[in-house]
Amino acid sequence: MKFKALAIDIDGTITYSDRRLHFLAAEHLRDLGIPVVLATGNVLCYAAATSKLIGLGGKVISENGGVISTGFDTKPHISESMEECEKAFSYLSSRFDLIRLDGDLRKTEIALRRNVNAGDLQASLEGAGFSIEVIDTQFALHIKSKKVNKGTGLAKMASLMGLDVSDFIAIGDSVNDREMLELAGYGIAVANADSGLKLIADTVTSTSFGGGTVEALEILRRKSFF
Ligand SMILES: O=C(O)COP(=O)(O)O
Ligand SMILES: [Mg+2]
């Protein structure tokens, strides 16, 4: 089996636990020989800068699928307005002590510091009839649309690249990588991934964080997957 591209999470997957970039993982990604798409819950400028600094081509899925860019100088594709997320945020703000992240850089969802429990926020929103979800990636909380995720982002990116989602290998570590791993032709969870992601992955590495990505790429090469 041959795959044509790789979609890979940033935080927790090509970093150490404290978010420093894992240089060896970055080096392996630069020399992969197939297009590498960075897929993150973080904002577009963070994803694009990471792509540039690694030496990749600027193809990124950011804001958990809400904002997609196929190159450094191209206009991003933005999925939907964040009006519902803003309403949910203002509802929650009167009930919880929320700390919003990233200023006005976010276009489609809202990120929060992890000083509150995602399940409590979710239950409060459901009680008030909101159709909005709250996820905890271990790096931040995200108030987001249920219709947008890294899977829908991958589908959009694949079509923009003239590929099918099944042409992609996906690697990740967290709840926000689930739909992307489900859709991709082959999915790998690094050892620090949450148990739900490990359950749906085709392979789970024995090494954590960026070291897990180095191991994953070695496994994929051994299988001649690209
Ligand atoms: O932004 C986050 O919460 C986590 O980012 P990630 O998707 O790159 O792991
Ligand atoms: Mg992650």
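The following legends describe close-up views of a predicted model.

In this predicted model, local features need pLDDT of at least 70 and side-chain atom pairs count only at pLDDT 80 or more, whereas totals for chains, interfaces and linings use all residues. Residues are numbered from 1 along each chain as its sequence is written, chains are lettered from A and ligands numbered from 1 in the order in which they are written, and side-chain values use heavy atoms, with hydrogens and water left out.

**View 1. The two domains of the protein chain.** The chain is divided into domain 1 (3-76 + 147-221) and domain 2 (81-143), with bounds that come from an automatic or database domain assignment. Their C-alpha centres lie 24 Å apart. To the contact between them (contact being heavy atoms within 4.5 Å), domain 1 gives 16 residues and domain 2 gives 11 residues.

**View 2. The shell around ligand 1.** Residues with a heavy atom within 4 Å of the ligand form this shell: Asp9, Ile10, Asp11, Thr40, Gly41, Asn42, Thr137, Phe139, Ala140, His142, Lys150 and Asn176. Three are nonpolar, six polar and three charged, where Ala, Val, Leu, Ile, Met, Phe, Trp, Tyr, Cys and Pro count as nonpolar, Asp, Glu, Lys and Arg as charged, and the others, Gly among them, as polar. Because domain 1 and domain 2 both give residues to the shell, ligand 1 lies between them.

**View 3. Polar contacts of ligand 1.** A polar contact is a pair of N or O atoms within 3.5 Å; within protein, one must be able to donate a hydrogen and the other to accept it, and residues adjacent in sequence count only if both atoms are side-chain atoms. A polar backbone atom of Gly41 is 2.8 Å from an oxygen atom of ligand 1. Polar side-chain atoms of Lys150 and of Asn176 each lie 2.9 Å from a ligand oxygen atom. Taken alone, ligand 1 exposes 280 Å², of which the protein buries 99%; accessible areas come from the Shrake-Rupley method with a 1.4 Å probe, and for residues only the protein chains shown count as cover.

**View 4. Ser69 in strand E4.** Strand E4 comprises residues 67-69; helices (H or I, at least four residues) and strands (E, at least two) are DSSP runs, numbered from the N terminus. Ser69 counts as buried because its relative accessibility is 4%, buried meaning under 20% relative accessible area, exposed over 50% and partly exposed in between (1.4 Å probe, protein chains only). A polar side-chain atom of Ser69 lies 2.8 Å from the backbone oxygen of Gly71, and a polar contact of 3.4 Å joins the side chains of Ser69 and Thr74. Beyond four places in sequence, the contacts of Ser69 include Leu44, Lys59 and Met157.

**View 5. Glu63 and Asn64 in the loop between strands E3 and E4.** Strand E3 spans 60-62. Most residues other than glycine have a negative phi. Glu63, however, has a positive phi of about 50 degrees, and Asn64 has a positive phi of about 55 degrees. Glu63 is buried, with a relative accessible area of 2%, and Asn64 is buried at 0%.

**View 6. Leu125 in helix H4.** The helix covers residues 118-127, and Leu125 counts as buried at 0% relative accessibility. Its C-alpha atom is separated by 7.5 Å from that of Leu92, 33 residues apart along the chain. Leaving aside neighbours within four places in sequence, Leu125 is in contact with Ala88, Tyr91, Leu92, Phe130, Ile132 and Val134.
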